[in-house]
Amino acid sequence: MTREVELFLDDTPGETRGVVVVDGRPELLLIHPDHEPPAMRLGARSVGRVRSVEPGLRGAFVDLGCVGPQAFLPTARDEKLKNGEAVEVVVTAEAREGKGPVLRRIAAASGDPRLLEGAPDVRGQLLAEGALLGAAGAEIIKGLEAIRAVEEGVDEALSVRHVDPALGLDMAVQRTRALIAVDIDFAPRPGRDAKKGRATANREGLTAAARQIRLKRWGGLVAVDLVGGGADGAAAPGWAREAFAEVSGAAIGPVSRFGLLQLSLPWSRTPIEEVLAGRGLKGEAADLCRKLRAALLADTTVARITATARPELAEAAGPLIAILGPRAGIRSDPAVGAGREYLTET
């Protein structure tokens, strides 16, 4: 079945964002703050310096030469590393929960820690994802439409529930420290085949859960509470394989006698909620710049639009807003509180 794939790129100064939309629903969300160290991104290749070998953890902590927590390099049983040794590595999983990225060793190296090759930028990742989804060469949509599409993607990534009244489906996905919990509920309508409806709800619920988890960029153990206990135990693992087919390295287990389907998903990117929560003043500056840029794009007849913000935010956002051109302005006002920034037309 042919799917409609759309690629959106929001290249607002301060932070580049992208979203892949399939059949009208966001599937993959990318956020690259300009201040984020390039060496920490998925796929970045660097020379690192071993700072601490940890036999009990079967690995070593590695300095990549940038600000942030040290990266972790797992090692095989017969692999030997020494403190101070230089190694060429690639990031296989980004930082999360205060821990540094996970690395894979490529070869021995020499010299100081440094970035050798950056990870693909947002545009490159969008094109690669489009090709995987059968939309090679798809046009990348930019401007106001992209800003709005990414905002919708962020809103959905932060949501918990997915409701489909037509199917009677109510699915919730939440993460704890131990695992990701998915709860699929079904409300059959009078006159419908309850058994068939339950199976449809489980199948569609797994599809919705897979999309939500991928959009949130979560990994780890997943426990899915299916409708009807273990009634769909024989078919459910196959539905899960279909739903999570685009997740490389996903492991699907059987349905337990309690009606729980267990999966294991690899971590790869920093969860969206951590990216958004950890940006600080620089993130606020990028958000204000995006808000102003959207207003400029929405009405090209206005001579000038000025953003007013508290002094520290105005100072941080000033260089970004200057990039938008002469129609964009920034004004500092100590009376404006956090979250109270506003735009005025002149």
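Me: Which residue in the turn between strand 4 and strand 5 has a positive phi?
Reply: Strand 4 and strand 5 form a hairpin, with 4 residues between them. Strands here are DSSP runs of E, at least two residues long, and helices are runs of H or I of at least four; both are numbered from the N terminus. In the turn, the residue with a positive phi, about 55°, is Arg58.

Me: What kind of model is this, and which pLDDT do side-chain atom pairs need?
Reply: Residues are numbered from 1 along each chain as its sequence is written, and side-chain values use heavy atoms, with hydrogens and water left out. This is a predicted model: totals for chains, interfaces and linings use all residues, local features need pLDDT of at least 70, and side-chain atom pairs count only at pLDDT 80 or more.

Me: How many residues of strand 5 are buried?
Reply: Strand 5 covers residues 59–63 and is mostly covered. Buried means under 20% relative accessible area, exposed over 50%, and partly exposed in between, with a 1.4 Å probe and protein chains only. For the whole protein of 346 residues, 45% count as buried. In strand 5 the count is 4 of its 5 residues.

Me: In what order do the strands of the 4-stranded open sheet lie?
Reply: The pairing in this sheet is mixed. Its edge strands, strand 3 (25–33) and strand 10 (140–141), each pair on one side only. Strand 1 (residues 5–10) and strand 2 (residues 15–22) run antiparallel, joined by 6 bridges, and Phe8 stands opposite Val19 of strand 2. The order is 3-2-1-10.

Me: What is the bridge partner of Asp183 in strand 14?
Reply: Strand 13 (residues 180–186) and strand 14 (residues 220–225) run parallel. 4 bridges join them. The partner of Asp183 is Asp225.

Me: Why is helix 6 oblique to helix 7, and what is the angle?
Reply: The axes of helix 6 and helix 7 (residues 311–323) lie 8 Å apart, and the packing angle is about 55°. That makes helix 6 oblique to helix 7. Under 35 degrees counts as roughly parallel, over 145 as roughly antiparallel, 65 to 115 as roughly perpendicular, and the rest as oblique. Axes are lines fitted to C-alpha atoms, for helices over the stretch in contact, and angles run from 0 to 180 degrees between N-to-C directions; the angle here is about 55°.

Me: Which residues of helix 7 make the contact with helix 6?
Reply: Contact means heavy atoms within 4.5 Å. Helix 6 contributes Leu281, Glu284, Ala285, Ala286, Leu288, Cys289 and Leu292. Helix 7 contributes Glu312, Leu313, Ala316, Ala317, Leu320 and Ile321.

Me: Where does helix 6 lie, and at what angle to strand 2?
Reply: Helix 6 spans residues 280–298. It lies across strand 1 and strand 2, running to strand 2 at about 65°.

Me: Is Ala146 buried or exposed?
Reply: Ala146 sits in helix 2 (residues 144–157). It touches Phe8, Leu9, Asp10 and Ile141, not counting residues up to four places away in sequence. Its relative accessible area is 0%, so Ala146 is buried.

Me: How far apart are the C-alpha atoms of Lys99 and Ala146?
Reply: Lys99 lies in the loop between strand 7 (86–93) and strand 8 (102–108). Lys99 is exposed, with a relative accessible area of 56%. Along the chain, Lys99 and Ala146 are 47 residues apart; their C-alpha atoms are separated by 32 Å.

Terms used
Two strands pair if DSSP finds at least two bridges between them.
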